[in-house]
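User: Hey, I'm new to this one and could use a quick tour. Can you put it up so we can go through it together?
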Amino acid sequence: MTSTKTKGMVISEINPDSIAEQLGLKKGDTILSVNGIVPKDIIELSFIIQDENINLAVKKAPFQDENGVTLPGEMELFEIEKDEEDDLGIEFECAVFDGIKPCLNKCIFCFVDQQPKGLRESLYVKDDDWRTSYLQGTYITGTNLKEQDWQRIEALRLSPLYVSIHTTNPDLRAKMLNNKRASEILSMLDRFKKANIEIHGQIVLCPDINDASELERTLTDLKKYKKILKSLAVVPVGVSKYREGDTLKPLTKENANNIIDLLDEFNICQKRHIAMASDEIFLTAERDIPSKKYYGNFVQIEDGVGAIRLLLDDFNRHKNRFKKKLKNKKKVTLLTGSIAAKIFNNFKEEINVENLDFEVIEIKNEFFGDKISVAGLIVGNDILKNIQGKYFEHIIIPSVMLKEGTDEFLDGLTIDDILIEAKKQNPSTLIHIIKDCYNFNEIFTILNN
């Protein structure tokens with residue numbers, strides 16, 4: 001898990017039966033140095049801890065005495081003998097220890113700038129750090145890469161990286177990112193190619209700005225990087241109601257169809273399928289979602305590319321497992337965003353189980369605006385508006401709506417807030433959190449039992 005604020009090697013978890021557990025290290029402890037070195041990130045740390053003899057300087061977490069007074073933790077030094085391949089068994093709050101390298105751009109399409117005040121602090125931080133790109137698959141623009149960063153990437157052969165390309169037109173990219181250094185896109189790609197650093201690319205498509213002939217130009221330029229370009233995702237710009245000005249236009253059916261056609265031509269020319277349009281583009285184009293083959297290994301799933309295909313395939317794998325009749329009557333309600341709601345309403349026609357009332361409630365995004373249709377941007381207050389005064393027995397909520405590892409929505413409300421409201425009509429209401437919108441195995445278990 002990446003924290004955008006915490007600096008230092010702050011421990012978030014200790015793995016069971018690990019060296020760290022044997023030492024008595026705890027969540028909240030901070031490692032100050034390893035063999036006298038203060039590593040910048042987990043990449044550097046991974047090399048240091050290969051030594052068979054490790055000295056850890058640790059600042060223990062604050063604790064409360066018997067009177068409830070919080071006291072500072074003490075400094076401790078641990079001497080460890082281990083095999084070279086042994087891991088210490090420590091998870092950290094942040095993968096980088098000297099702070100996330102922030103984005104220096106002012107992109108015209110930046111969703112961070114389209115958010116209101118009062119959300120979680122982490123939602124306002126712009127991460128443009130090549131290290132989290134390598135470690136966690138976050139996208140970088142490359143405008144803040146310094147020569148020392150390049151030398152480290154090249155020396156360690158850190159690959160793949162995830163790169164926000166957007167356009168290969170230097171002037172247009174500088175304009176879109178509001179940063180003169182953004183114009184260096186082709187020289188950056190050339191250097192990645194020379195160093196044999198593989199990349200996954202992203203294009204945030206802004207109608208009438210980097211689409212049509214500009215998208216065609218970008219795809220033509222990218223043919224030169226066939227050796228290192230492992231995938232390319234094209235996603236439509238997200239426009240919230242907090243967006244100031246009218247520079248950005250929503251995607252139209254014509255835009256969407258043109259994007260899909262250009263990507264298909266690019267793939268044919270490359271003789272391999274690496275460029276993919278997002279699910280939202282296919283829905284806007286009113287085309288069928290492609291087969292699994294289109295998405296390969298689903299490497300761009302976090303960018304909204306292929307989730308619907310996984311959902312469709314998962315449903316087809318499980319639909320024959322539904323019972324014809326439940327012993328007792330049961331009502332199950334799925335709360336989800338506009339895109340997923342349309343898909344699940346189609347599934348309802350194939351779920352013919354006697355005594356089962358399967359309901360799908362589309363949560364319209366009043367918080368960010370009706371142009372935002374994905375489940376991951378649904379807030380707790382919008383859910384409350386949709387469930388007030390209604391009777392529920394079992395409520396299904398996809399985990400993508402929640403902060404990772406918590407029960408908290410974007411606006412700070414929690415699952416308990418939703419449950420309190422639901423129980424006003426039925427005190428026996430239960431809420432089930434499913435891992436993914438497209439994980440029908442969990443949904444099947446809830447519906448069928």
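User: Which residues in α13 are buried?
Analyst: Gly380, Asp382, Ile383, Leu384, Asn386 and Ile387. Buried means under 20% relative accessible area, exposed over 50% and partly exposed in between, with a 1.4 Å probe and protein chains only. This is a predicted model, where local features need pLDDT of at least 70 and side-chain atom pairs count only at pLDDT 80 or more, while totals for chains, interfaces and linings use all residues. Residues are numbered from 1 along each chain as its sequence is written, and side-chain values use heavy atoms, with hydrogens and water left out.

User: How many residues of α13 is that, out of how many?
Analyst: 6 of the 8 residues of α13 (residues 380-387) are buried, so the helix is largely enclosed by the rest of the structure.

User: OK, switching to strands. Why is β2 called largely enclosed?
Analyst: Because 4 of the 5 residues of β2 (residues 30-34) are buried.

User: Which way does β2 pair with β1, parallel or antiparallel?
Analyst: Antiparallel, over 2 bridges, with β1 covering residues 9-14. Two strands pair if DSSP finds at least two bridges between them. Met9 stands opposite Ile31 in β2.

User: And how many bridges join β2 to β3?
Analyst: 4 bridges, and those two strands also run antiparallel, with β3 at residues 53-59. The bridge partner of Thr30 in β3 is Lys59.

User: What about the open sheet, what's its strand order?
Analyst: It goes β8-β9-β10-β11-β12, 5 strands with parallel pairing. The edge strands are β8 and β12 (275-277), each pairing on one side only. Inside that sheet, β9 (residues 161-164) and β10 (residues 199-205) pair over 4 bridges, and Leu161 has Ile199 as its bridge partner in β10.

User: Where does Asn144 sit?
Analyst: In the loop between β8 (139-140) and α4 (147-156). Asn144 is buried, with a relative accessible area of 11%.

User: What does Asn144 touch?
Analyst: Leaving out residues up to four places away in sequence, Asn144 touches Lys101, Pro102, Leu104, Asp128, Asp149 and Arg181.

User: New topic: what volume does the second largest pocket have?
Analyst: About 470 Å³. A pocket, on a 1 Å grid over the protein atoms alone, is an open set of points where a 1.4 Å probe fits, with protein on both sides within 12 Å along at least five of seven lines; lining residues have an atom within 4 Å of a point. Grid points are joined across faces, edges and corners, and the volume is the space filled by probe spheres set on the points.

User: Which residues lie nearest its centre?
Analyst: Glu280, Thr284, Asp370, Lys371 and Ser373, out of a lining of 19 residues. The largest share of the lining, 4 residues, comes from α12.

User: Last one: how far does α11 reach?
Analyst: α11 (residues 307-318) reaches 17 Å from its first C-alpha to its last, close to the expected 16 Å for its 12 residues. The expected span is 1.5 Å times one less than the number of residues. Its buried residues, including Ile308 and Phe315, pack against α9, α10 (292-295), α12 and α15 (440-448).

How values were computed. Contact means heavy atoms within 4.5 Å.
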